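Trainee: Could you walk me through this structure? I would like to begin with how its elements are named.

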Amino acid sequence: MRDELLTIGRFARLCRLSVKQLRHYDETGLLAPIHVDASSGYRYYAPGQARDALTIALLREMDLPLAVIAEALAAEPGRRAELLRAERDRLAERISRDRARLGMLERLEEGGLPGYEVSVATEPARHLAVTRATCAATDIGDTVGACVGRLLPLLGGASVGWEPPLWGLYPLDLEERTRIAVGAQTPQGARVPGLTREVLPPGPAAQTVHIGPYAQLPLAYNALFAAIHERGLRPHGPVREAYLVGPAEAPPEELMTRLVIPVEENA
């Protein structure tokens with residue numbers, strides 16, 4: 001049998017890997033040599049292990065976690081495909097976030113920190129019919145879209161009128177699991193089946209308007225919070241976004257969102 005096996009050096013060259021990588025795969029339980037000499041400790045591999053070694057290297061190049069790789073190698077084809085689909089979706093999400101960051105960096109590179117006009121005025125009371133959801137902070141965009149998909153049919157089927165725009169309500173601090181609401185202003189006391197009521201009291205609020213993709217909203221929030229603190233004010237929730245021009249009405253670069261944060265004087 002020994003004549004059919006490859007030393008770790010020869011196996012590494014066959015797989016275009018380093019000896020260090022193969023030793024690491026062994027130590028982490030990903031790919032153990034088929035034989036270890038008891039006296040010398042030399043590792044020996046079978047040529048048939050090359051496919052697994054190459055697959056491990058490929059998946060590691062894609063930054064898949066070692067635990068996922070180990071499970072995928074041991075899984076049946078159906079389960080393996082399921083694991084790889086999940087990693088593909090996570091990668092696509094990372095790419096989407098990176099594209100958004102790239103867009104913000106390009107905007108900053110071209111014109112510096114965007115100049116947002118921030119004003120403080122009394123925000124009127126608003127009576128909203130809302131749908132609510134809980135999601136990870138990274139999933140807010142998709143969750144808002146799903147909420148809008150539930151909200152509009154219920155508003156359309158109700159006998160009460162509602163006043164555009166749609167509103168998004170968010171906590172002041174985004175946590176790992178964030179409770180959000182999306183709604184529309186309706187007459188005071190009106191009830192829409194399937195939706196709950198949210199009354200926003202009147203009071204002073206700092207506000208600004210963002211024109212551009214939702215992914216670049218952090219630029220507007222940066223300006224808004226900076227202005228709040230510079231004026232000696234204290235923000236409190238819920239943070240409100242009014243979608244003045246939404247995706248159904250304009251391309252991403254022409255979207256218009258009004259950001260409103262209730263404030264009070266610092267004690």
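Mentor: Helices (H or I, at least four residues) and strands (E, at least two) are DSSP runs, numbered from the N terminus. This is a predicted model: local features need pLDDT of at least 70, side-chain atom pairs count only at pLDDT 80 or more, and totals for chains, interfaces and linings use all residues. Residues are numbered from 1 along each chain as its sequence is written, and side-chain values use heavy atoms, with hydrogens and water left out.

Trainee: Where is Q49 found?

Mentor: Q49 sits in the loop between β3 (43-45) and α3 (50-61).

Trainee: Is Q49 buried or exposed?

Mentor: Q49 counts as buried because its relative accessibility is 14%; buried means under 20% relative accessible area, exposed over 50%, and partly exposed in between (1.4 Å probe, protein chains only).

Trainee: Which residues does Q49 touch?

Mentor: Leaving aside residues up to four places away in sequence, Q49 touches F11, L31, A32, P33 and I34, where contact means heavy atoms within 4.5 Å.

Trainee: Turning to the protein chain, how many helices and strands does it have?

Mentor: The protein chain has 7 helices and 12 strands. Its radius of gyration is 28 Å, well over the 18 Å that the globule rule gives for 267 residues, so the chain is more spread out than a compact globule. That radius is taken over C-alpha atoms, and the rule is 2.2 Å times the number of residues to the power 0.38.

Trainee: What share of the residues is buried?

Mentor: Buried residues make up 40% of the 267 in the protein chain.
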